[in-house]
Structure formats: structure tokens, C-alpha cells
Amino acid sequence: EGSLCAQLCLNNLLQEEYFRPGELSSVAHQLGENGRRSASEDYHTFLQQPSGNMDHRAFYSIQVINNALKVQSLELILFSTPECQKVGL
């Protein structure tokens, strides 16, 4: 089931149960609300669009995972960044 994949991956990465069911949904919801407040397009049209942070199966965007890691004072660095390319990743 997709709804627990990100949670299980993050907890395995951190070697402890830092994230419980529903916490990533809360992060996705908060990101969505922040996006809605800062939307520059027609507000009513924007509100009718589905969130890009979580789909109907509860698969989470990279932004949700990144924000969840920030809570633990960790930073997600993508392989395509110059920092990773310098070290040959």
C-alpha cells in the first residue's frame, strides 16, 4: 500500500520510528495550504485543483519528504545537484 511507503522509508533511513501514520499527510496538507495562500492565479480555480503533494493513494511528493526531513534537521540533496556531481554520485 502506497500510503506507508514514504513513512517506512524515512523511519528506516533514520533507524527509529520518527514518523507515524498521518504525519506525512499533515506535512502535505500544510504545504498545500501554503501554496494556496501564495497562489497568484485565479484563487477559485486553484482551490479546485488536486494537491500535487499527495495523490489519492497517499503517495507523497519529494517536497513532503524534504519537509519531513527538515523536522529532524536533515537536508535532502538531489543527485542532480552540483554538490553530488563534484563527488561523483
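1. Helices here are DSSP runs (H or I) of at least four residues, strands are DSSP runs (E) of at least two, and both are numbered from the N terminus. By that count, the protein chain has 5 helices and 0 strands. Along the sequence the pattern reads α-α-α-α-α. Please keep in mind that this is a predicted model.

2. Some totals for the chain come next. Of the 89 residues in the protein chain, 27% are buried. The chain exposes about 6,600 Å², and carbon and sulfur atoms supply 54% of that area. Among contacts in the protein chain with a separation of 6 or more, 47% are between residues 24 or more positions apart.

3. The pairing of α1 with α4 deserves a look. Two packed helices are described by the angle between their axes and the distance between the axes. For helix α1 (residues 5-14) and helix α4 (residues 62-71), the axes come within 11 Å and cross at roughly 35°. The crossing of α1 past α4 is right-handed.

4. Which residues in α1 and α4 meet? On the α1 side they are Ala6, Leu10 and Leu13, and on the α4 side Ile65, Ala68 and Leu69. Sorted by class, this contact of α1 with α4 holds 6 nonpolar residues, no polar residues and no charged residues.

5. The largest nonpolar core has 12 residues in all. Its members are Ala6, Leu10, Leu14, Phe19, Leu24, Val27, Ala28, Tyr60, Val64, Ile65, Ala68 and Leu69. At least two residues of this core come from each of α1, α2 and α4. The largest share, 4 residues, is supplied by α4.

6. The buried residues of α4 are Val64, Ile65, Asn66, Ala68 and Leu69. Compare this list with the core in point 5: Val64, Ile65, Ala68 and Leu69 are listed there too.

7. Alanine 28 is one of the core residues. Leaving out residues up to four places away in sequence, alanine 28 touches Asn53, Met54, Tyr60 and Val64. Tyr60 and Val64 also belong to the core.

8. Is histidine 29 buried or exposed? Histidine 29 lies in helix α2 (residues 23-37). Its relative accessibility is 52%, and the cut-off for exposed is over 50%, so histidine 29 counts as exposed. Histidine 29 and methionine 54 are 25 residues apart in sequence, while their C-alpha atoms are 8.4 Å apart in space.

9. Which phi does glutamine 15 have? Glutamine 15 has a positive phi of about 60°, although it is not a glycine. Glutamine 15 is found in the loop between α1 and α2. With a relative accessible area of 66%, glutamine 15 is exposed.

10. Serine 73 follows α4 and lies in the loop between α4 and α5 (82-86). Serine 73 is not a glycine, yet its phi is positive, at about 60°. Because its relative accessibility is 68%, serine 73 counts as exposed.

Technical notes:
Residues numbered from 1 in each chain as written. Predicted model: local features only at pLDDT ≥ 70, side-chain atom pairs only at ≥ 80, totals over all residues. Heavy atoms only, no water. Axes fitted to C-alpha atoms, helices over the stretch in contact; angles between N-to-C directions. Left-handed = near helix turned anticlockwise from the far one by under 90°. Contact = heavy atoms within 4.5 Å. Nonpolar A, V, L, I, M, F, W, Y, C, P; charged D, E, K, R; others polar. Buried < 20%, exposed > 50% of the residue type's maximum accessible area, 1.4 Å probe, protein only. Areas by Shrake-Rupley, 256 points an atom, 1.4 Å probe, with all protein chains shown as cover. Core = buried A, V, L, I, M, F, W, Y, C linked by side-chain atoms within 4.5 Å.
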